[in-house]
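The following account leads the reader through one chain, from its overall organisation to individual residues. Please keep the sequence and the model in view while reading.

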Amino acid sequence: MNLIYSPVFGLLVFEMALFVALIVPMPFRIKRGLFTFISENPLVAKLQYGMKITFIFILILFVDSVNRVYRVQIELHAAKQAGGAAVGVAGSERMEVQARKFYSQRNMYLCGFTLFLSLILNRTYTMILDVLRLEEEVKRLKGQDPKSAQGKSGLGEAGGAGEIARLKRDLEKKDKDLQAVKNQSQGLSNEYNRLGDQVSAQDSIPKKNR
């Protein structure tokens with residue numbers, strides 16, 4: 001395994017360990033605290049952003065490995081179609097083609113499973129968040145968890161990945177401020193039109209008296 005695909009294999013092992021950690025049964029309070037930390041920590045948000053860029057490169061490697069497998073298949077098919085010329089492909093040359101086919105297929109499966117497991121991890125993370133939100137809502141309605149009743153657990157913003165959740169709050173605040181400015185501008189415009197109508201009405205009264 002060359003230096004390009006060794007990090008991919010390490011990432012695959014990391015994803016497998018992370019998946020096992022996600023599905024390990026834990027008490028509700030511990031799991032809630034863990035996911036709240038993940039959702040609010042800016043370092044985790046930067047790590048998730050870096051992982052997305054990494055998966056783009058892995059996707060490129062996956063496409064390249066598929067292309068290599070296809071080209072090797074064409075070479076083998078052409079050798080079989082050559083008939084008598086296939087004897088020349090035997091021996092070391094045929095072993096070299098088979099080796100390239102094996103390495104290409106290995107790289108394709110490695111990148112493919114890494115990308116597929118990343119999708120599974122993302123979906124599992126989202127489903128666990130939904131379950132935690134529902135459990136928190138049930139406890140809040142039953143009055144069994146004062147922390148949930150006060151809305152301090154942060155799970156409502158989980159999945160926003162720290163800085164993203166904060167930026168969403170800032171964006172909502174700016175939208176409210178913008179709406180307030182629009183309403184104020186509309187009120188000033190209406191007042192200006194009303195005053196303009198009054199001035200026009202007052203100017204038209206002397207003309208009628210003349």
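Among the contacts in the chain with a separation of 6 or more, 82% are accounted for by residues 24 or more positions apart, where contact means heavy atoms within 4.5 Å. The model is predicted: local features need pLDDT of at least 70, side-chain atom pairs count only at pLDDT 80 or more, and totals for chains, interfaces and linings use all residues. Residues are numbered from 1 along each chain as its sequence is written, and side-chain values use heavy atoms, with hydrogens and water left out.

The chain holds seven helices and zero strands; helices (H or I, at least four residues) and strands (E, at least two) are DSSP runs, numbered from the N terminus. The order of elements from the N terminus is α-α-α-α-α-α-α. Of the 210 residues, 25% count as buried, a class defined by a relative accessible area under 20%, with exposed over 50% and partly exposed in between (1.4 Å probe, protein chains only).

Helix H1 comprises residues 5-23. Buried in H1 are Tyr5, Val8, Leu11, Leu12, Glu15 and Leu22. They cover an arc of only 105° around the axis, which puts them on the same side of H1; the arc is that of the directions from the helix axis to the C-beta atoms. An α-helix has 3.6 residues a turn, so residues three or four places apart point the same way.

Helix H5 (residues 92-142) contains Thr124. Is this residue, Thr124, buried or exposed? Thr124 is buried because its relative accessible area is 15%. Beyond its neighbours within four places in sequence, Thr124 is in contact with Phe19, Leu22 and Ile23. The Thr124 side chain also reaches the backbone oxygen of Ile120 at 2.7 Å.

Lys101 likewise has its place in helix H5. Residues up to four places away in sequence aside, Lys101 touches Val72, Gln73 and Leu76.

Technical notes
A polar contact is a pair of N or O atoms within 3.5 Å; within protein, one must be able to donate a hydrogen and the other to accept it, and residues adjacent in sequence count only if both atoms are side-chain atoms. The expected span of a helix is 1.5 Å times one less than its number of residues.
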